[in-house]
Amino acid sequence: MMSVWLVWAVQVLFPGLCLAMQHYPTTWGHYDMCKSQVYTDEGLTWDYMACQPEAADMTKYLKVTLDPPNITCGDPPETYCTLENPYMCNNECDATTEELAHPPELMFDFEGRNPTTFWQSSSWKKYPKPLVVNITLSWNKTIELTDDIVITFESGRPEQMVLEKSLDYGRTWQPYQFYATDCLDAFTMEPKTVQDLSQFTLLDIICTEDYSRGYVWKYDKTVRFEIKERFALFAGPRLHNMASLYGQLDTTKNLRDFFTITDLRIRLLRPATGATMVDEGNLSRYFYAISDIKVHGRCKCNLHANSCVFEKEKLSCECEHNTTGPDCGRCKRNYQGRAWSAGSYLPIPKGTANICVPNNIGPVNCNCNPFGSESDRCNATGFCKCKVGATGVKCHECEPGYLWDNGCKSRVCDNELLRCQNGGVCVNNVRCQCPPAFSGLLCEKPRCENEASGCDSDSASDPRLQRSTFLLLLLLTSACSLLLTRL
């Protein structure tokens, strides 16, 4: 008995549990819904929530520029040697031949090809003049980073490099992190790692030697800027407590801005040399080559949109909550009844939408259905007031038990639960066609009940009585026949 009850309980509770898990994520809290419909004492209304787009691979939407512009190898064609073997010089770069060209687009193409595709710079042929390359990634849109920035070098990782960010579309730049084989020598900074940071020093700019020092470049080709490890300072090692991080992002603008960019710039300052001295007799060993750059994030929409579209080479938020602009950064015209405000992550898990309200609170034209609603205008909370039986955003649908016929009309009958009685036939779900002896909504009343004399004065005309009498006579006849046979 207990097992049967348990199975029943699981069947009943499981759908609700799944629904709850969809709207109460255990880790990230995606904030994927901007609003939902709820019933209140005033009828159907909107429940507004903070919302944001899903994280994605943002390299699909960027524009890349190099400085100097002619730094890519192949014009003129050039032969390169490998860093570990100066006598192995069979790598050719030729911009006029597709198979031998290494343009910047190959930093963002599909990985997994064999041989690997990559961008490559010209060699350090002007040594001792520094071989400096700036690679700028621009989105023309504010982006919020959600995962580590990972740069994969096909050649040795650079001995000196800086990762920079811009929040104003490249007008000004701030360092994100310094990388060097010797931080003191290159940047006069003490070497540190992300593990040295705390909640109080998370915004510190550090120099790390983890991705530059030694000969491990042959086996590990990546350089990282650790986003998730910085998140973990608030959310825990496995990011289980995202509520704590969201609370910090909500209340600390500098922290929110730290993970926000419009542009990234990779400044390559000194290529890998593999030794303490540069081999001036074979400078074709020294160059930069990048096979992949990963940047994961989402459009910044100030928690006022759950989708971001890429049209005409530009990203833009599909704004909700009566907001507008590329980042949903202002209220729509005629919706400036209070100052614009970004949405809030708190309280977890739905946040606070901080919607823009009309300038003058009152009826707003929102094209309510004229048959299903009491007016074609809705009030300032943004919902239509529906007539009895009508539902939906515009009062253009019917509740169960009602049928649409220039408005919602009550369903009188069907062939399942609301059956016409006493031989009646349901016509278009709106009426029962009754036999002559019956009336009523479902043909449930004998017609004689409506007559002045009532049913008792002429019971012989009652079809039910006639049927009963017939059955009784038939039974008596059968019994008599049986008795005569036995005699």
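Ser-123 sits in the loop between strand 7 (119-120) and strand 8; helices (H or I, at least four residues) and strands (E, at least two) are DSSP runs, numbered from the N terminus. This is a predicted model, in which local features need pLDDT of at least 70, side-chain atom pairs count only at pLDDT 80 or more, and totals for chains, interfaces and linings use all residues. Residues are numbered from 1 along each chain as its sequence is written, and side-chain values use heavy atoms, with hydrogens and water left out. Welcome to the tour, which begins with that serine.

**Around Ser-123**

- Ser-123 has 5% relative accessibility and counts as buried; buried means under 20% relative accessible area, exposed over 50%, and partly exposed in between (1.4 Å probe, protein chains only).
- The side chains of Ser-123 and Glu-78 are joined by a polar contact of 2.3 Å. Such a contact is a pair of N or O atoms within 3.5 Å; within protein, one must be able to donate a hydrogen and the other to accept it, and residues adjacent in sequence count only if both atoms are side-chain atoms.
- Once neighbours within four places in sequence are set aside, Ser-123 is in contact with Glu-78, Tyr-80, Leu-131, Leu-283, Ser-284, Tyr-286 and Phe-287, where contact means heavy atoms within 4.5 Å.

- Helix 3 covers residues 228-235, and its buried residues are Arg-230, Phe-231, Phe-234 and Ala-235.
- These residues lie on the same side of helix 3 because they cover an arc of only 130° around the axis; the arc is that of the directions from the helix axis to the C-beta atoms.
- What do the buried residues of helix 3 pack against? Their partners are strand 8 (133-145), strand 11 (174-180), strand 13 (222-225), helix 4 (242-251) and helix 5 (253-258).

**Sheet and hairpin**

- An open sheet is formed by four strands in the order 7-15-9-13, with antiparallel pairing; two strands pair if DSSP finds at least two bridges between them.
- Strand 7 and strand 13 are the edge strands of this sheet, each pairing on one side only.
- Strand 9 (residues 149-153) pairs with strand 13 in the antiparallel sense over four bridges, and Val-150 has Arg-224 in strand 13 as its bridge partner.
- Elsewhere, strand 17 (residues 308-311) pairs with strand 18 in the antiparallel sense, also over four bridges, and Phe-310 stands opposite Leu-315 in strand 18.
- Strands 17 and 18 form a hairpin with two residues between them, and Lys-312 in the turn has a positive phi of about 55°.
- Strand 18 (residues 314-317) has Leu-315 and Cys-317 on its covered face, while Lys-314 and Ser-316 make up the uncovered one.

**Disulfides**

- A disulfide is a covalent bond between the sulfur atoms of two cysteines.
- How many disulfides does a search of the whole structure find? The search finds 13, counting a disulfide as a pair of cysteine sulfur atoms within 2.5 Å.
- Cys-81 is buried at 3% relative accessible area, whereas Cys-89 is partly exposed at 33%.
- Cys-299 and Cys-308 form another disulfide, their sulfur atoms 2.0 Å apart, and with -70° about the S-S bond this link is left-handed.
- Cys-299 is buried at 4% relative accessible area, while Cys-308 counts as partly exposed at 24%.
- Cys-386 is joined to Cys-395 by a disulfide with an S to S distance of 2.0 Å. Its torsion is about -85°, so the disulfide of Cys-386 and Cys-395 is left-handed.
- Cys-395 is buried, with a relative accessible area of 0%.

**Aromatic pairs**

- The structure holds 14 aromatic pairs. Rings of Phe, Tyr and Trp (its six-membered ring) pair if their centres lie within 6.5 Å; planes under 30 degrees apart count as stacked, over 60 as edge-to-face and the rest as tilted.
- Tyr-31 and Tyr-246 form an edge-to-face pair, 5.4 Å centre to centre with 85° between the planes.
- This pair links distant parts of the chain, 215 residues apart: Tyr-31 is in the loop between helix 1 (2-23) and strand 1 (35-40), and Tyr-246 is in helix 4.
- Tyr-31 is buried at 6% relative accessibility, and Tyr-246 is buried at 3%.
- Ring pairs also link Tyr-176, Phe-225, Phe-231, Phe-258 and Phe-259 into a cluster.
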